[in-house]
Amino acid sequence: MHVVILGNGIAGITAARFIRKLSDHDITVISAETDHFFSRTALMYIYMGHMRYEDTKPYEDWFWDKNRIKLLNAYIERIDFDAKTLFGSQGEELVYDKLLLATGSAPNKFGWPGQNLKGVSGLYSYQDLQNMEHFSEGLQRAVIVGGGLIGMEMAEMFHSRHIPVTFLVREDSYWNMVLPPEESAMANRHILENGIGLRLSTELKEIVDDGQGRACAVITNTGERIECGYVGLTAGVHPNIGFLKGTSLETGRGILANEYLETNIPDVYAAGDCVQLREPQPGRRPIEAVWYTGRMAGETAAYNICGHQVPYDPGIWFNSAKFIDIEYQVYGDLQAQPPENHVSIYWEHPDGRKSIRLVYDREEGHVLGFNLMGVRYRHEVCEKWIREKAHIEAVLQDLGIANFDPEFYKEYDDEVVRLYNQQSGRNLQLKKRRGLAGALRFLRNPLSA
Amino acid sequence: MEFLQKTGLGLFIIALLLFTATLGLDNYRLTEESLTQAIGNPYHLEEMIAVAREQGQLGKEYGSSFEFGAAFKELLKAAQESLNQKAKDGLPEGVSQWDYKMGGWLFKDYTFVATKKSSAGPVSGNPLFFFFLTIGLAILGGVLFILPKFLAIPGIKHNQIYHNPMTRGLKLGWRSFFLGATMIGLLLYGVYYMNDSYFWPAVTALVALFISALVLFYQNQAKRTPARSASPQVTGWLGMLAGAYLIGFYILLYWVPQHITGWILMVDPVSRALNGGEASQWFLYGLLYTLVILVMGVRMLTKYMHNRYQIVRTFSVMFFQVAFAFLIPEILVRLNLPSMDLKNIWPLNYTFFFDWNINKLISSGALGIFMLVWGIVLVIVAVPVITYFFGKRWYCSWVCGCGGLAETLGDPYRQLSDKSLRAWHYERWIIHGVLAFAVVMTGMTLYTYFSGEKTVLSFNSNTVRTWYGFIIGSAFAGVVGTGFYPLMGNRVWCRFGCPLAAYLGLVQRFKSRFRITTNGGQCISCGNCSTYCEMGIDVRWYAQRGQDVVRASCVGCGVCAAVCPRGVLRLENSSMDVKERTEVVRVLHVSREGVKLRD
């Protein structure tokens with residue numbers, strides 16, 4: 001059987017690897033972006049000079065040959081689902097028995113005047129990075145539009161090269177549709193202390209043409225004109241499925257797929273950013289353009305393609321990012337505008353660059369989520385507490401086993417407990433300190449409380 | 001702030017240029033006095049003075065150590081010849097011919113001291129002035145450059161490391177050139193070093209070819225070409241320059257120290273103050289080594305001011321270098337006691353079981369016996385026990401001098417280590433080969449020590465030791481080990497050559513609680529951990545599948561955990577569940593009863 005995978009990002013490549021583990025099928029992975037799989041999340045580090053492109057490849061080039069995964073650099077323009085054939089821009093034709101669509105995302109453009117000028121780009125693909133590199137030569141100022149994770153990355157990238165940056169954020173605080181107010185404020189402060197020109201409650205109105213087809217300035221909704229040589233569009237992404245529109249494949253904003261990641265066409269599957277789940281799990285969005293879900297979906301698709309029916313189960317939500325020098329981790333249900341039953345304990349370090357937030361249920365008292373800034377917590381431990389609905393007081397007393405900061409780092413877990421005691425009038429003690437053995441014992445055993 | 005840094009950099013460059021220039025400032029004039037200081041043997045001295053007078057060399061001035069050295073070599077040869085002639089005619093009463101004749105092995109020492117004592121000029125006239133003008137100024141420049149970094153916002157500082165011609169590494173071709181040229185050069189020099197004996201250099205060349213053939217055969221068999229080895233596109237010309245400078249420094253230091261007497265003269269006053277005697281090239285080396293670790297240690301503290309593991313560890317390597325490697329041995333010399341670096345463990349300290357060392361320790365009273373027992377206990381008790389609890393990091397990145405230099409001076413180059421599977425194959429063959437060589441060499445030494453014989457299976461134990469000292473002790477550990485920092489990363493010796501690291505690594509791999517754990521599914525495969533692993537471990541390979549890392553080579557520097565942008569890695573001292581957590585594939589989120597992976 002010939003399995004063709006369209007897209008060599010994390011979803012497509014994870015699927016290819018697991019199909020190989022599960023079967024002897026012929027596997028072809030097609031991409032027009034790069035010959036080999038690289039870590040998209042590491043693009044910023046190439047620009048910042050932390051790594052070379054070579055270093056972002058998780059597998060050495062011989063890996064694909066050894067695992068009989070055929071890589072094809074081609075741009076697929078059309079798919080004939082009836083004939084099970086893909087057509088490339090160079091006249092290539094490729095017949096598949098099963099097809100996995102893992103085409104990823106494309107940056108959003110909201111019809112701004114000048115959005116297609118030279119020097120205007122998102123940051124998604126390797127080509128976007130090359131473009132950014134090209135326009136960085138002699139760049140006097142960059143403007144970034146859109147206050148999300150990619151916008152923050154782009155700001156850090158330019159900042160690392162001492163290129164002045166103006167960061168336009170539509171909301172009145174950075175990423176506050178995801179981050180609770182205190183964490184969002186911390187991010188604002190950190191952006192400003194790095195000397196990045198953060199403009200909150202500011203939207204892009206127009207990108208100005210310099211007369212040569214290149215961006216030379218932006219005009220904001222307040223009428224301000226900001227001279228710049230590069231405009232980064234980072235107002236989110238959407239599924240990259242333009243070439244599939246108008247075919248028999250059912251699409252919404254993304255490719256519609258069921259829990260087995262099957263599309264409406266037999267033998268055609270979809271995974272990763274390009275998928276729109278018909279029935280997402282409660283509390284989850286139908287489109288989740290995140291590295292981790294892409295990896296899980298790729299693995300799930302591999303099982304289903306190989307005839308093992310496995311529903312897509314992304315588990316308990318988790319994510320992570322880094323806001324310049326502040327690491328961010330989140331586990332579980334953590335909302336910027338929490339519903340009535342969510343209560344949180346929020347501890348912040350006096351230096352304003354570290355915080356710990358625990359969210360729990362007002363009535364039942366079970367823990368719902370963790371939000372960490374500048375502090376590392378163990379994924380598996382937090383997940384188990386959330387899945388097993390551990391009571392907040394049990395969690396607090398054992399909080400040390402979640403701590404994943406390096407050795408000799410100060411442990412702040414007891415301060416969180418003290419804060420809870422102050423707020424609730426209780427007198428809990430932190431019983432367990434940081435340590436692997438304690439964490440593993442906890443993970444082995446069923447929950448005691 | 002930027003002004004301070006630029007000033008500091010400028011001062012450092014000036015100091016480095018001056019430092020280099022001091023080697024050419026003095027003139028060299030042979031006198032009876034300088035000969036007297038260089039040559040203790042009265043017959044040799046008398047003959048040398050006579051020959052020098054006869055050839056008109058006394059009082060003659062030379063502008064460079066090379067001209068002086070050439071003339072002095074002629075004198076040595078003439079004196080040797082003449083003494084041999086005279087010995088034929090009859091030796092003085094009660095003098096053996098071994099004392100009377102001048103053996104070739106004495107040339108090196110005679111030349112070095114005579115050159116140093118014959119120096120005349122600004123440097124030998126004002127050693128302290130030049131010490132502060134060069135080494136002192138370099139420290140000042142370094143500190144000015146480094147200290148403002150404390151004002152930055154704490155966090156990982158690797159910006160533009162791959163844009164910098166000093167730290168970006170070499171193209172594969174250039175790297176191969178440096179490797180090949182250095183290896184061939186060292187082997188050829190080895191022939192000369194072994195008095196024109198080809199045997200051991202040829203054996204070494206054959207072993208090297210054999211290992212290369214094995215690794216390449218394996219690679220080709222699996223159709224594997226290295227992908228992530230050296231930098232494919234970038235070439236750091238400053239790095240090449242720095243590498244060449246360091247390589248040159250080590251060659252002069254180890255084998256022809258008579259050409260760096262200017263530097264040694266400069267540190268004479270420091271040496272007198274510390275141990276009461278004049279400086280040798282080893283004092284110069286020890287002092288520079290310590291100063292470099294201190295200054296670059298402060299740089300490490302600025303870089304990791306947010307990371308307490310790195311801070312504690314950096315203080316540790318600075319302390320062990322200053323106290324154990326430098327001050328304590330110098331003070332012991334001053335007290336006329338046997339001197340020893342008490343943290344230098346066999347087989348890294350390969351001379352520990354040499355007859356002269358054992359004899360020295362045995363004949364030095366209680367302290368000597370203590371040192372002998374201490375050294376043996378370190379090897380057979382401390383290494384396995386401490387490594388069991390903490391991994392080899394307790395030594396390699398906390399205590400060891402080579403590790404100390406790698407973690408401070410070498411930190412800017414850690415990203416240049418080769419992460420390919422091919423490099424790992426080379427690593428395992430070479431480092432365990434060196435361990436075997438060290439064990440066999442020491443075994444031969446002890447056998448001859450206790451049996452009184454000179455040879456083992458017709459191999460001369462003395463020759464084997466000399467060759468080990470040259471090719472491993474000096475060439476590999478020094479010339480390649482440090483000279484290759486800007487070319488192949490800061491742990492070339494520790495990763496490919498150190499026999500003690502091999503021994504510690506075997507304990508760590510098979511019997512230790514130490515490991516690096518991964519944090520669930522948080523890895524984004526970005527590759528920072530692998531890139532900044534100085535030992536060339538592909539950490540990401542493990543992290544992205546949630547697999548804990550147990551590797552013989554890991555020195556536990558903790559930088560993978562520090563550079564991880566997602567908080568995925570942590571160094572741990574617990575072997576609980578290690579079998580299950582180091583499985584090749586850990587399915588983190590997708591798993592279902594009944595679905596089994598193929599083996």
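**Close-up views of a predicted two-chain model**

**View 1. Chain A as a whole, with its eleven helices and 25 strands**. In this predicted model, the C-alpha atoms of chain A occupy a box of roughly 75 × 55 × 40 Å along the principal axes. A compact globule of 449 residues would have a radius of gyration near 22 Å, and the 24 Å of chain A is therefore in agreement with that expectation. Of these 449 residues, 49% count as buried, a residue being buried if 20 or more other C-beta atoms lie within 10 Å of its own.

**View 2. The division of chain A into domain 1, domain 2 and domain 3**. The centres of domain 1 and domain 2 of chain A, taken over C-alpha atoms, are separated by 29 Å.

**View 3. The contact between domain 1 and domain 2 of chain A, with nine residues from domain 1 and twelve residues from domain 2**. On the domain 1 side, the elements that give two or more residues are helix H2 (43–47) and strand E8 (105–107) of chain A. H2(A) provides the largest share of that side, namely four residues. Sorted by class, the side of domain 1 of chain A that touches domain 2 of chain A has six nonpolar, two polar and one charged residues.

**View 4. The interface between the chains, where 54 residues of chain B are in contact with 53 residues of chain A**. On the side of chain B that touches chain A, at least two residues each are supplied by helix H15 (308–334), helix H25 (528–531) and strand E7 (569–573) of chain B. The composition of this side of chain B, by class, is 20 nonpolar, 23 polar and eleven charged residues.

**View 5. Helix H20 of chain B, spanning residues 421–451**. This helix of chain B has 31 residues, and the distance from its first C-alpha to its last is 45 Å, close to the 45 Å expected at 1.5 Å a residue. Just after H20(B), B:Gly452 adopts a positive phi of about 80°. As a guide to reading side-chain directions along such an element, an α-helix has 3.6 residues a turn, so residues three or four places apart point the same way.

Note on methods: Residues numbered from 1 in each chain as written. Chains lettered and ligands numbered in written order. Predicted model: local features only at pLDDT ≥ 70, side-chain atom pairs only at ≥ 80, totals over all residues. Contact = placed C-beta atoms within 7 Å. Nonpolar A, V, L, I, M, F, W, Y, C, P; charged D, E, K, R; others polar. Expected span 1.5 Å × (residues − 1). Rg over C-alpha atoms; globule rule 2.2 N^0.38 Å. Buried ≥ 20, exposed ≤ 12 C-beta atoms within 10 Å, placed from the backbone. Domains from an automatic or database assignment.
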